[in-house]
Amino acid sequence: MDDGWYDEAAGPLVRPYAITAGRTSASAGANLDVATQVMTLRSAETTDGGLTPEHLQIKRLCQKPLSVAELAAHMNLPLGVIRVLCGDLIERGVVIVRSPAQRVEAPNRELLQAVLDGLSKL
Amino acid sequence: MVSPSSDDGFDEGADTIPTPVKIIVAGGFGVGKTTMVGSVSEIPPLTTEELLTEASDGIDDLAGVERKTTTTVALDFGRITISPKHVLYLFGTPGQDRFWFMWDELARGAIGCVVLVDTRRLDTSFAAIDFFERRKIPFIVAVNCFDDAQRYEEDEIRAALAVPSHVPIVMCDARKRDSAKLALIRLVKHAMSELPVG
Ligand SMILES: Nc1nc2c(ncn2[C@@H]2O[C@H](COP(=O)(O)OP(=O)(O)O)[C@@H](O)[C@H]2O)c(=O)[nH]1
Ligand SMILES: [Mg+2]
């Protein structure tokens, strides 16, 4: 079996540009994780001007925090498009986000313990 | 580049936006990944897609531009609300190993991975084991016990998979919520044991 597929620094797969008018890499949303929580700020109520129907749909759906992946599934749009749209909303102060802790950060024993406790209670 | 880390832009609603946590469920095609995600998720498993533009090898002679084809990678996932402060997402890896791009993205920040194996087709999970081992991401092996599969002892499976002794191997039934839950608990305990001391 060829197991070399993931070791190439840059494979043949790249993100699409056309669908989001080339905004993929510049966007504030470009690095959002699939699990990143997106939540609409209450103070954003009056800032709808210039938002597309998709922006407004995200704004509505995220009255309660939802992940980027859930938004993509509910809106039937690719993850990359959701990232760009969320990036727009972050820049406009409409939503805030919280991403998974990265391993390089402080040891997260507390976090793991919380997950363990939660799972044990299920 | 704007980093979507937990501490920017964060004065408002800080107590109401939960911290997401990811666990990956990996393994070969048909090994029971979607089944496992579905049996523990509080929502029916959702599917989403990432579009990838695949550059072809050659350059188009006439236009001088690379031909590209768009590939869709499907990703299924479920959700478990752990507490008001934590929400756990379970992501099944995309079926084809060659979508390493997606695997890397899923693995980033994940607390670990359950690699499902089917004893009738152990080789279909080799790539997943290799992937997580090389990246030093905590993982356990969960043997999905299909009804008609022959039973093996843990050490037989460990030897066949060449999995080091510190990696837990558990038997499970991906269709059963309790069994899937125990596999997740084993993984989290393992991830804790791999934390640096102090
Ligand atoms: N007998 C049995 N069948 C299973 C088990 N887990 C999954 N299956 C079946 O195996 C098939 C493939 O499972 P699926 O979750 O779609 O595999 P995936 O490709 O890894 O996502 C489905 O028809 C499942 O119903 C199991 O533990 N026992
Ligand atoms: Mg599947």
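This is a predicted model: local features need pLDDT of at least 70, side-chain atom pairs count only at pLDDT 80 or more; totals for chains, interfaces and linings use all residues.
Residues are numbered from 1 along each chain as its sequence is written, chains are lettered from A and ligands numbered from 1 in the order in which they are written, and side-chain values use heavy atoms, with hydrogens and water left out.

Which residues come nearest to ligand 1? Of the 14 around it, meaning those with a heavy atom within 4 Å, they are B:Gly30, B:Lys33, B:Thr34, B:Thr35 and B:Asn144. By class, the shell holds 4 nonpolar residues, 6 polar and 4 charged, where Ala, Val, Leu, Ile, Met, Phe, Trp, Tyr, Cys and Pro count as nonpolar, Asp, Glu, Lys and Arg as charged, and the others, Gly among them, as polar.

Turning to polar contacts, that is, pairs of N or O atoms within 3.5 Å, the side chain of B:Thr34 has an N or O atom 2.7 Å from an oxygen atom of ligand 1, and a polar side-chain atom of B:Thr35 is 2.5 Å from an oxygen atom of the ligand. For B:Asp147, a polar side-chain atom lies 3.2 Å from a nitrogen atom of ligand 1.

Now to chain A, where helix 1 (residues 53-61) and helix 2 pack at an angle of about 120°, with axes 11 Å apart, the axes being lines fitted to C-alpha atoms over the stretch in contact, and angles running from 0 to 180 degrees between N-to-C directions.

Key: A polar contact is a pair of N or O atoms within 3.5 Å; within protein, one must be able to donate a hydrogen and the other to accept it, and residues adjacent in sequence count only if both atoms are side-chain atoms. Helices (H or I, at least four residues) and strands (E, at least two) are DSSP runs, numbered from the N terminus.
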